[in-house]
Amino acid sequence: MTTAQVCIMISIILYIGIVITIGLLFSKKNQSTDDFYLGGRKLGPLVTAMSAEASDMSSWLLMGLPGVAYFSGIAEASWTAIGLAIGTYFNWLIVAKRIRRYSQKANNAITLPDFFANRYRDKSKLLLLISAVVIVIFFIPYTASGFVACGKLFSNLFGVDYFPAMLVSALVIAAYTALGGFLAASTTDFIQSIVMSIALIIVLGFGISVAGGFDAVIANAKEMTGYLSLTATHNVHTGEVGSYNALTIASTLAWGLGYFGMPHILLRFMAINDDKKIKLSRRVATVWVVISLGIAVLIGIIGYSMSLEGAIPMFESNSAAENIIVQISRTLSDYGVIFAFIAGIILAGILACTMSTADSQLLAASSSISHNIVSGVFGKKSSPKTSVIIARITLVVISIIGIFLAGNPDSSVFDIVSFAWAGFGAAFGPVVLFALFWRRSNRYGALAGMISGGVMVFVWKYLIAPIGGIWAIYELLPAFIVACIAIVAVSLLTPAPSKEITDEFDEVKAMK
């Protein structure tokens with residue numbers, strides 16, 4: 001192992017030591033599942049804002065998004081970023097305060113399935129069961145994408161085999177999350193958002209310098225037809241130019257719709273200690289997201305110029321291009337010991353964005369099984385202490401399943417995340433919006449929307465999109481529309497909600 005690699009390893013070990021210490025510090029504060037899964041609704045505005053966005057911006061922020069921009073130009077990456085920025089703002093603007101109040105009013109719901117079941121007084125427990133199953137179906141592969149990112153990081157950096165590198169990373173994430181629960185995850189996410197920001201800024205500055213300056217970066221990009229166009233794509237490997245039409249743009253912007261159904265983000269809204277401070281959280285979160293996404297796309301463009309200069313390899317696939325920041329960090333580490341430690345901070349940033357999402361996903365998936373299915377559906381009651389133990393065991397089991405799914409090193413982080421994002425956005429997004437804002441919606445409509453949205457994601461992805469042409473669009477948009485239609489149609493065709501339900505809705509709506 002070279003001196004540079006040793007310095008990088010020390011930086012990463014120090015970072016991992018910090019997050020595990022946080023897990024240990026918070027482990028004693030988890031006296032109940034309410035503490036373990038929602039932190040007792042004690043999050044401050046800054047921690048809420050930054051932990052929500054750090055848990056949102058998974059490994060694809062520093063790997064997937066720059067990789068897409070590098071390999072095919074700015075169209076897909078930019079429209080995705082714009083959709084996410086818009087979605088972030090409106091999620092905070094219209095959903096955050098209402099779901100914080102409604103979840104507490106609806107029998108103090110501590111998970112998203114709890115909220116659905118309590119909101120509609122679903123005594124059949126079908127809403128609880130199906131929403132919990134949806135979370136498990138889409139969160140386990142989503143978590144696996146984080147493990148894949150970690151495996152790629154350490155494998156490329158230190159020349160070790162992919163699987164043991166991925167395994168060690170997964171065990172660290174599972175360890176501090178199982179120990180500290182929601183408070184540990186949220187606190188580490190806050191720290192990780194800072195590390196991610198530092199990493200992005202360092203990579204941006206160093207990359208421009210090595211590539212010959214910003215003018216050289218733009219000049220190199222302009223030489224490729226469609227590379228800097230928002231209506232075209234350019235395959236760096238083959239030179240093929242493709243179109244990016246209005247329908248494709250609309251479906252890519254639909255990434256923003258996914259926010260309304262993301263359990264790990266909605267839980268942050270439910271956990272904030274003072275809903276009057278949500279405006280501050282919204283401003284902080286939106287500014288951070290816009291800047292981070294913009295820099296990530298720009299890094300992809302800069303990376304291409306660095307490849308032309310010979311500073312980093314020329315990547316031949318989108319999956320390979322996801323290692324762009326890893327390669328930039330290795331180049332930086334060659335400049336001396338101090339720069340090697342700085343490179344370690346950058347790589348800790350990749351680890352941070354992976355951990356910040358994976359820990360939240362593990363908690364959400366764990367709560368779906370231990371709290372919603374075992375306790376809620378099957379009625380297996382236990383003491384608060386035993387419930388926390390069951391929650392931790394469940395989290396570890398889910399981590400093991402995620403490790404098996406992450407066994408393929410050629411998996412694309414961006415592709416896995418985009419599919420899981422569509423699943424949650426379509427299955428939960430419409431249900432959340434109608435539950436919060438439509439008085440006439442009922443449990444039958446919620447069930448119909450949840451099932452139709454989730455199923456349509458699979459149908460469109462694997463049966464319709466492969467047809468090509470106008471059908472080859474991001475599955476979230478058509479699935480979201482289908483779910484909305486199902487909620488409205490089924491709610492109107494079935495009995496209206498009871499007075500108890502509508503009175504509660506009116507009470508929440510009247511809150512100032």
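## Basis

Residues are numbered from 1 along each chain as its sequence is written, and side-chain values use heavy atoms, with hydrogens and water left out. In this predicted model, local features need pLDDT of at least 70 and side-chain atom pairs count only at pLDDT 80 or more, while totals for chains, interfaces and linings use all residues.

## Overall architecture

The protein has 21 helices and two strands. These are DSSP runs numbered from the N terminus: helices are H or I with at least four residues, strands are E with at least two.

Of the 512 residues, 62% count as buried. Buried means under 20% relative accessible area, exposed means over 50%, and partly exposed lies in between (1.4 Å probe, protein chains only). The exposed surface comes to about 18500 Å², with carbon and sulfur atoms supplying 68% of it. Areas come from the Shrake-Rupley method with a 1.4 Å probe; for residues, only the protein chains shown count as cover.

A salt bridge is a side-chain nitrogen of Lys or Arg within 4 Å of a carboxyl oxygen of Asp or Glu. The count is six. One of them pairs Lys-105 with Glu-507 at 2.7 Å, N to O. It links distant parts of the chain: Lys-105 sits in helix α5 (residues 74-105), Glu-507 in helix α21 (residues 499-510), 402 residues apart. Lys-105 is partly exposed at 34%. Glu-507 is partly exposed at 41%.

Arg-121 bridges to Glu-504, with the closest N and O atoms 2.9 Å apart. Arg-121 is in the loop between α6 (112-119) and α7 (126-158), 383 residues from Glu-504 in helix α21. Glu-504 is buried at 7% relative accessible area, whereas Arg-121 is partly exposed at 27%.

Within helix α21, Asp-503 and Lys-499 are four residues apart, about one turn. Their salt bridge has its closest N and O atoms 2.7 Å apart. Lys-499 is exposed at 61%. Shared partners join Arg-121, Glu-500 and Glu-504 into one salt-bridge network.

## Positive patch

Lys-97, Lys-276, Lys-279 and Arg-283 form a positive surface patch. Patch residues have over 30% relative accessible area and no salt bridge; like charges are joined within 9 Å, nonpolar side chains (Val, Leu, Ile, Met, Phe, Trp, Tyr) within 5 Å. Lys and Arg count as positive, Asp and Glu as negative; His and the chain ends are not counted. Charges are placed at NZ of Lys, CZ of Arg, CG of Asp or CD of Glu.

Lys-279 lies in helix α12 (residues 278-308). Lys-279 is partly exposed, at 45% relative accessible area.
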